[in-house]
Structure formats: structure tokens, C-alpha cells
Amino acid sequence: MQDYDLVIVGGGLVGGSLACALAGSGLRVAVVEAVTPQAPGGAAAATPPPAQYDERVIALSLASRRIFEGLGIWPDLADAAEPIRRVHVSDRGHWGFAHLDADDEGVAALGYVAPARAIGAALEGRLAQADGVELLRPARLGGLRVMQHHADLEVAVDGVSRLLRTRLVVAADGGDSGVRRRLKLGAREHAYGYDAVISTVTPLDPQPGVAFERFTDSGPLAMLPMTGGRWSVVWTAHERDTPAILALDDDAFLAALQQRCGRRLGTLTRPGRRIAYPLRLVLAKQITRPRVALVGNAAHTLHPVAGQGFNLGLRDVAELADLLAEAQVTGRDPGGPAVLNAYRQRRGPDQRSVALVTDTLARLFVNPFPPVRAARDAGMLALDLCPTARHALARRFMGLGGRLPRLARGLPAASR
Ligand SMILES: Cc1cc2nc3c(=O)[nH]c(=O)nc-3n(C[C@H](O)[C@H](O)[C@H](O)COP(=O)(O)OP(=O)(O)OC[C@H]3O[C@@H](n4cnc5c(N)ncnc54)[C@H](O)[C@@H]3O)c2cc1C
């Protein structure tokens, strides 16, 4: 039996970030991760690789950059991250239009776009030197028993069974969280019936720093600026259309994409690999119970329409790391009610409001009913013409709305 203060189940983008945040805090931390960088398909290679090893590209908010700066990770990521200076939002074939501009907000960039792999590699580099963090992988959670003063986890590490005892279990094991299910924490789940087909393209006339979000009859299309003048494509397609989109040859894919984008983006070339992700909402009914906290996708899995899922998870990390570091300094129990109640009270409202906004956008912008369409176009125009509303939206996009953890405000974590 090995003793820890904290066991993080899931060492993905969110669990890995939490482990980095707690390195050197004095807490004894174990990370239980199923997949190794050498075998990103997992022990069962039939399963797709987790986000840190796959092809998705992540729009990082300004708050996320601050958190990564606070954790000392940003310098390793900066070269792979393209700033977003302007966002164009439009409704294909209709008059709705809005835009956000970094200059209007007095910031150098509204956010950044980085490949998930680059974020994963930066975290991996940090974790390799993390003080007080033991990385167990390939390791899978077998059993979990939660008692009053501790929890016991049975974990198969490289096929060998081990028992871990801890004062706090953090579930960072993604949308299908085994911890959440085992403990019957319950979640609201909704499959949208749409997929995100992702790829990359290179425009003949690059528009560095400009992101496009275009709403179309069959769902939103996002074009996010990447380094090297490329755009990351996130094409939301009805699940019945996905196989046909994946089967298109490159020229036909470019032609179809070009038709959806309109002329504003110019000629698109060099399409990359296409991969489809089924889209769903998962919102845990409880994000804590005695000795347990949920973070990231385990607590909230969102439609990527507004690029919020990881950013929200990183704010969970910043808050929980702060509370845990403070508990360590003051000698409080890391899995006790004071830490867990504060985590639930501070993170619940942000999680619920971002999930609501994202879910509303995802449903509203695939609704072809003319009055709904007219109302949303009017809403977009009103937004574009009203600086106060635009400013409020930009602050949300930058991850600066509502109560912010210290790291997201650019302050050092409580322990440093
Ligand atoms: C197409 C697409 C585009 C997106 N774009 C954006 C964006 O622009 N901006 C944004 O903020 N977010 C975006 N997201 C969301 C973002 O990818 C997720 O929010 C983020 O990856 C969640 O990270 P996580 O670590 O919580 O979960 P996961 O990435 O699911 O990681 C869970 C980890 O737990 C491990 N694990 C699971 N079960 C076990 C077990 N039993 N034992 C041990 N280990 C286990 C897995 O191997 C994995 O490493 C996008 C998502 C998609 C699908």
C-alpha cells in the first residue's frame, strides 16, 4: 500500500496540468494514466488516442495563457501558439455578422491557437522534472473505495496490481469518467447528433491572427489561425453526413469547404488529415463528494462551438491547485470539506454558465426555423453595434468573465 495526499486519475491535458500546478507544493501526488506517449493508442490500440496525442487544435483563452505562464509552461508552448487578434462571426447566406478585435479590448491577443499535441508535449516536459509527483503509466483504475478519512484505489500499473491510499481522489479521466460512474455521481448527458470533422488547410493569402466562425444550415464551421499561415478547420456536420465528408478526395473536400466558407477566406489549399469526433454534452450533477473532486471533461464535456472545454478545465485546475496549496500551508486536510466545499462553490457557477451558453449556441445555430434564424441574425448585428455587449462577449471569450482563480488573474499560486 502506498500513501499519497492526492491521486489524480487521468493524466490528460487537464490532469497533467493539475499535476504540474501541484509540483513542489509539498503534497505527495500520484497520476494514474492509462496511455503512454510511446503507445498513444493505449494498451487496447483499438481505442483512439487521448487529446494530448491526437490531431485536435485548441483555442486557448487569454486566461489559459496566464495560467500556463503561472505554471512555467508557456515558454515551452509559445512557439507553437498563434495569437488570435480578430474573430469574425457570420451566418452563411444571411445578414447576421459580428466581430471581436484585440485592439478594442486593449490586449495583444484575444487568445491563442495551439495543437493539443504541443500542449501535451509542454506538460510532459514539465512533469518529467516535477517534484513530489509520481507518474504511474500505463496504469488503469481497477477498484475504488471511499472511506471517511481516505480512499483506496486498486490500480493495474503495467499489468501489476497496486494499492494506493490517498486523502483526495481527483477525477480527470475525461467525459466517460470511470470515477464519476463508479461513484454514481450522475450527469446530464445529451448527444447532439453532430460530429466535429477536423483538418487543416493553407490559404493562398494567409490572414494571420484572424479566426472565422461561420454558422451554416448544418452547423458551425470554425477556421482557427495556426502557425505557418495555416488554418485549423472544425467543420460541424450532421452525423449522417460525416462518412461522406471523410470519404471525399482532397480536391472535393476543398471545394466543399470553400463553398461553406464563402470568398472572405480566399483560395484554400493543402488539406491535412480529416478526423471526426462525436459531439455531446456531459454535465456532472455533483463535482465533489467526500474525498473526491471532478475536473475538466469528467465534470463537463462541451460542444466545441465556442472553444471553451479545455479553457474551463484549466480554470478548474487553477482553482483546485490554489485551494490545495493553501490547505498544505495551513495544515488542512486536502480531501476535507473546507477544500471541497470551496472548490464546488467557486467552480460550479462558471461550469454551469459556460455549459449553458455553449449548449444554447450549439442548438440555436442549427435551427433553420425562419423566426429563430431572424432573431439570431438580429442578435448578432445588435452585438456588433453595441460596444458594451461586444466587450462582455470578448471578456468571456478571453476567459475573463466572472470570478477568476488567482493564476488566471496573473497572480502566483497560493504556495509560491
Ligand atoms: C474537435 C474538438 C475541438 C476542441 N477544441 C477546443 C478548443 O478550441 N478549446 C478548448 O478549450 N477546448 C476544446 N476542445 C475540448 C478539449 O479537447 C477537452 O476539453 C480536453 O481535451 C479535456 O481534457 P481532459 O484531460 O479533461 O480529458 P481527456 O482529454 O479525455 O483526458 C482524460 C485522460 O484520462 C485517461 N483515462 C481515462 N480513463 C482512465 C482510467 N480508468 N485509468 C487511467 N487513466 C484514464 C485517458 O487516457 C486520458 O489521458 C475540443 C474538443 C474537440 C473534440
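This is a predicted model: local features need pLDDT of at least 70, side-chain atom pairs count only at pLDDT 80 or more; totals for chains, interfaces and linings use all residues.
Residues are numbered from 1 along each chain as its sequence is written, and side-chain values use heavy atoms, with hydrogens and water left out.

Helix α2 (residues 62–70) and helix α9 (residues 309–330) have axes that come within 9 Å and cross at roughly 40 degrees. The two helices are therefore oblique to each other. Axes here are lines fitted to C-alpha atoms, for helices over the stretch in contact, with angles running from 0 to 180 degrees between N-to-C directions. Helices (H or I, at least four residues) and strands (E, at least two) are DSSP runs, numbered from the N terminus.

The crossing of α2 and α9 is left-handed, that is, the near helix is turned anticlockwise from the far one by less than a right angle. On the α2 side, Ser64, Ile67 and Phe68 meet Phe310, Asn311, Leu314, Arg315 and Ala318 of α9, where contact means heavy atoms within 4.5 Å. By class, this contact of α2 with α9 has five nonpolar, two polar and one charged residues. Ala, Val, Leu, Ile, Met, Phe, Trp, Tyr, Cys and Pro count as nonpolar, Asp, Glu, Lys and Arg as charged, and the others, Gly among them, as polar.

## Cavities

A search of the whole structure finds three cavities of 30 Å³ or more. On a 1 Å grid over the protein atoms alone, a cavity is a set of points where a 1.4 Å probe fits but cannot get out, and a pocket is an open set with protein on both sides within 12 Å along at least five of seven lines; lining residues have an atom within 4 Å of a point. Grid points are joined across faces, edges and corners, and a volume is the space filled by probe spheres set on the points.

The largest cavity has a volume of about 90 Å³. Its lining comprises 14 residues, of which Gly11, Gly12, Gln52, Glu124 and Leu127 lie nearest its centre. Helices α1 (13–22) and α5 (116–128) each supply at least two lining residues, and α5 gives the most, with four. The lining of the largest cavity divides into six nonpolar, five polar and three charged residues.

The second largest cavity holds about 50 Å³ of space and is lined by His88, Ser90, Phe212, Arg214, Cys261, Arg264 and Leu265. Strands β5 (86–91) and β13 (210–216) are the elements that give two or more residues to this lining.

## Second largest pocket

The second largest pocket has a volume of about 190 Å³. Of its 13 lining residues, Glu55, Val57, Thr200, Met226 and Arg230 are the closest to its centre. Strand β12 (residues 187–203) provides the largest share of the lining, three residues. By class, the lining of this pocket has four nonpolar, three polar and six charged residues.

## Backbone features

Most residues other than glycine have a negative phi, and most peptide bonds are trans. A cis peptide bond joins Arg137 and Pro138, with omega about -5 degrees; Pro138 is in the loop between β8 (133–136) and β9 (139–146). Asp158, in the loop between β10 (151–157) and β11 (160–171), has a positive phi of about 50 degrees although it is not a glycine.

How values were computed. Angles under 35 degrees count as roughly parallel, over 145 as roughly antiparallel, 65 to 115 as roughly perpendicular and the rest as oblique.
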